[in-house]
Amino acid sequence: MKNIIQSIIYGLVGLSIFGWFSVFITVLSISDPGPDSYIVGFFSDNIMSSERIENLGFDNFAEISSSFFTTLFFHMNLTLIIITASTTIGWCIVSHFLNIDAPGKAKIYAIHWLIVSAIFIGLVFGITWYFTSSTTYPAAEGITTSGQWLLIFMSLLIYVVPYYLGVLLGTARFARSSVLLANKLPGGF
Amino acid sequence: MVIRFVSFLCCFFIFFGISYAKEDCNPEFQLAKFPSIGQVDSESEDKPVFIYFDKSLSMQGYTKDQPGVNNLYINVIDDLQQIAENVGNKTFYHEFGKSIKPIKENKISQVIKPIFYECTDAASECNNQESKIHLPFKIAKANPDGTYIIVTDLFLSSKQLVGGTLNQLTKPLKSILKKGKSVGIIGVMSSFNGTIYDIPKREGGTVSYTEAQKRPFYIIIIGDQKEINQIKKNLEEQHFTDPEDKFKFSLITSTPILQNLNEKKLITEKYIKNISNADSFRFDYSDQGLPVYKFETNKKRKLNFSINNNEIIVQGSTGVSDFNINEKLWVSQETKCKKINWKKSKFETISQWSQTDNKLAVQLFKEVSLKKLFRGMRYFYLGEIYAQKPGTISEETFREWSIRPSDAEEFKEGNPVEFKTLNLEKIIRILNSVANDEFQPTLIASIALDFNLTK
């Protein structure tokens with residue numbers, strides 16, 4: 001039990017190395033970043049269709065950014081944070097229950113880890129896709145196709161890297177060979 | 001206690017009823033004024049009617065019966081005099097050919113007899129194949145209060161339709177139309193038993209033809225649309241009841257638009273197909289007389305607004321060949337009236353129109369599809385439909401009875417029983433072009449859509 005709790009803590013530490021950024025943008029979203037913020041400018045330049053927005057009579061994306069960030073972007077990031085944290089912690093716990101009773105057997109569980117990681121990547125992809133093209137969120141309509149792909153790429157980057165670092169540090173010591181490069185960690189860690 | 005409760009309920013519902021009724025929060029815009037369409041009907045008590053009979057020799061054939069063929073000329077002209085007396089309080093009769101002369105009262109009845117068209121002057125003076133049709137137009141220009149009826153075969157040579165001679169016709173016509181008057185042309189196919197003169201030959205010169213058994217004559221009426229229609233209606237009811245009787249009607253007017261549909265609040269919810277099925281649908285007229293369709297819709301809805309041609313186009317007129325829709329669209333992120341914040345969109349062409357024989361169909365949001373708009377927002381659309389350019393319906397109506405000078409000789413050589421009118425289509429085209437010059441783009445209808453775009 002002590003080892004599991006230790007794994008969870010290591011996992012959370014791994015998550016938080018880069019994961020703070022996703023928490024930061026989620027908090028920023030719910031508090032409405034405001035028209036002059038950097039993030040609104042970035043979205044206006046790279047994600048949203050300025051032409052469509054301006055044709056409707058708005059000066060730019062900043063004018064309607066509030067509903068985009070406080071609903072769509074907040075909900076999407078919150079969902080992704082929950083999924084990422086659950087998958088990371090889940091793997092850290094499950095790794096303690098893997099039946100590794102012989103040397104070299106841990107490597108077999110690399111397949112399991114790869115499957116879990118692939119499912120996780122698929123979930124991140126699917127969740128971002130759903131939010132950016134769903135009819136539930138009117139704000140999604142201003143997103144361009146290239147903007148949608150950029151958002152998917154960014155989501156993968158922001159959530160897969162913390163997940164990997166989380167499982168890298170949080171996987172049970174005897175199962176580290178199942179996680180890419182985890183066996184390179186110092187033995188006492 | 002019960003009474004108090006009922007009173008409370010009444011007050012509650014009245015309050016909310018008023019709140020709901022005040023949900024109108026349209027953006028600010030200047031609605032185009034309804035134009036004063038229609039006829040300048042002079043209500044003068046002293047309204048003379050002038051009737052002009054073409055005395056050219058070619059007209060004589062109408063007065064002689066052709067066995068087995070209905071002679072409408074005699075019947076119509078006989079009755080026309082009676083109809084004219086009803087339209088105005090005093091009727092003046094004239095004959096025209098080389099010049100205009102009044103017809104003595106005792107000779108009026110002779111216009112349906114061959115003797116009236118015989119030339120009794122010296123041969124050199126008897127050039128009564130020449131028809132100075134522009135003269136009645138000139139008189140109509142000078143005295144626009146009267147109604148002018150011209151009875152003619154409208155057989156005009158090409159030389160009468162060019163240069164200065166043409167100007168003599170178009171100039172007064174322009175002035176007449178400017179004063180809000182119109183020109184009605186009723187063509188009647190009648191029996192004919194005589195000679196048609198001045199048929200142009202291909203190599204030059206003219207030839208005559210005596211074999212025709214039928215030939216159209218024309219009654220040209222210059223006056224108010226109301227009077228023209230009255231005369232046409234009377235003739236139609238009394239003489240053109242037999243399906244075999246061929247008659248055509250065309251109205252040359254600078255105002256082929258019948259009315260503005262907003263003025264009498266003629267637009268109803270049915271003008272947009274299936275719109276009443278939309279969620280939260282309401283249809284009201286604003287204080288400015290603007291019909292407003294309010295509803296909630298998804299992006300799949302088709303918004304087709306259509307108007308029957310007979311509601312907007314004067315029957316028998318050239319019609320309208322081009323329409324223009326002045327469109328504006330406002331968008332608000334907030335849908336509730338309290339927080340509404342309209343932004344005017346940059347879209348200029350939002351809808352597309354098409355016209356069939358029966359109706360004008362406007363496909364709203366065809367150019368800028370609803371798919372291009374954002375859900376969750378409120379939209380206010382204002383469309384003002386203008387008649388932009390007159391049509392050519394009347395030319396098409398008379399095309400069948402028209403013959404071009406270059407084809408006249410060949411046509412004659414075919415020994416036709418039913419003879420056509422020289423340059424008729426060209427004459428109508430000339431008259432129409434004068435009317436078109438005077439045409440002003442006219443507002444037909446204005447509509448507004450106030451809708452929320454949902455999932």
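1. Ground rules. Residues count from 1 along each chain as its sequence is written, chains are lettered from A and ligands numbered from 1 in the order in which they are written, and side-chain values use heavy atoms, with hydrogens and water left out. Since the model is predicted, local features need pLDDT of at least 70 and side-chain atom pairs count only at pLDDT 80 or more, while totals for chains, interfaces and linings use all residues.

2. Chain A against chain B. The contact (heavy atoms within 4.5 Å) takes 16 residues from chain A and 17 residues from chain B. Together the chains bury about 1500 Å², 57% of it on carbon and sulfur atoms; buried area here is the accessible area (1.4 Å probe) that two parts lose on being put together, summed over both. On the chain A side, Asn55(A), Leu56(A) and Glu141(A) lose the most area to chain B, together 39% of what that side buries.

3. Have a look at Lys299(B) and Glu141(A): their side chains meet in a salt bridge with N to O at 2.0 Å.

4. Domains of chain B. The assignment, with bounds from an automatic or database source, gives domain 1 as 48-255 + 392-437 and domain 2 as 259-390 + 442-453. Their C-alpha centres lie 44 Å apart. Eleven residues of domain 1 of chain B touch seven of domain 2 of chain B, and the two domains bury about 730 Å² between them, 53% of it on carbon and sulfur atoms. In domain 1 of chain B, Leu251(B), Ile393(B) and Asn436(B) lose the most area to domain 2 of chain B, together 44% of what that side buries. The salt-bridge count between these domains is zero.

5. Tyr93(B). This residue sits in strand E2 (residues 90-96) of chain B; strands (E, at least two residues) and helices (H or I, at least four) are DSSP runs, numbered from the N terminus. Tyr93(B) is buried at a relative accessible area of 8%, where buried means under 20%, exposed over 50% and partly exposed in between (1.4 Å probe, protein chains only). Leaving aside neighbours within four places in sequence, its contacts include Ile51(B), Phe53(B) and Ile108(B).

6. Salt bridges within chain B. Over all chains the count comes to 18. Lys55(B) and Glu95(B) pair at 3.5 Å, N to O; they are 40 residues apart, with Lys55(B) in the loop between strand E1 (48-54) and helix H2 (60-63) of chain B and Glu95(B) in strand E2 of chain B. Arg215(B) and Asp153(B) come to 2.8 Å between their closest N and O atoms. Arg215(B) is in strand E8 (residues 214-223) of chain B and Asp153(B) in the loop between strand E4 (147-152) and helix H6 (163-178) of chain B, so this pair ties together parts 62 residues apart in sequence. Both Arg215(B) and Asp153(B) are buried.

7. Arg429(B) and Glu425(B) form a salt bridge at 3.6 Å, N to O, and both lie in helix H11 of chain B, four residues apart, about one turn of the helix. Arg429(B) is partly exposed at 40%, whereas Glu425(B) counts as buried at 16% relative accessibility. Elsewhere, Lys47(B), Lys181(B), Asp224(B) and Glu227(B) are linked in a network of salt bridges.

Key
A salt bridge is a side-chain nitrogen of Lys or Arg within 4 Å of a carboxyl oxygen of Asp or Glu.
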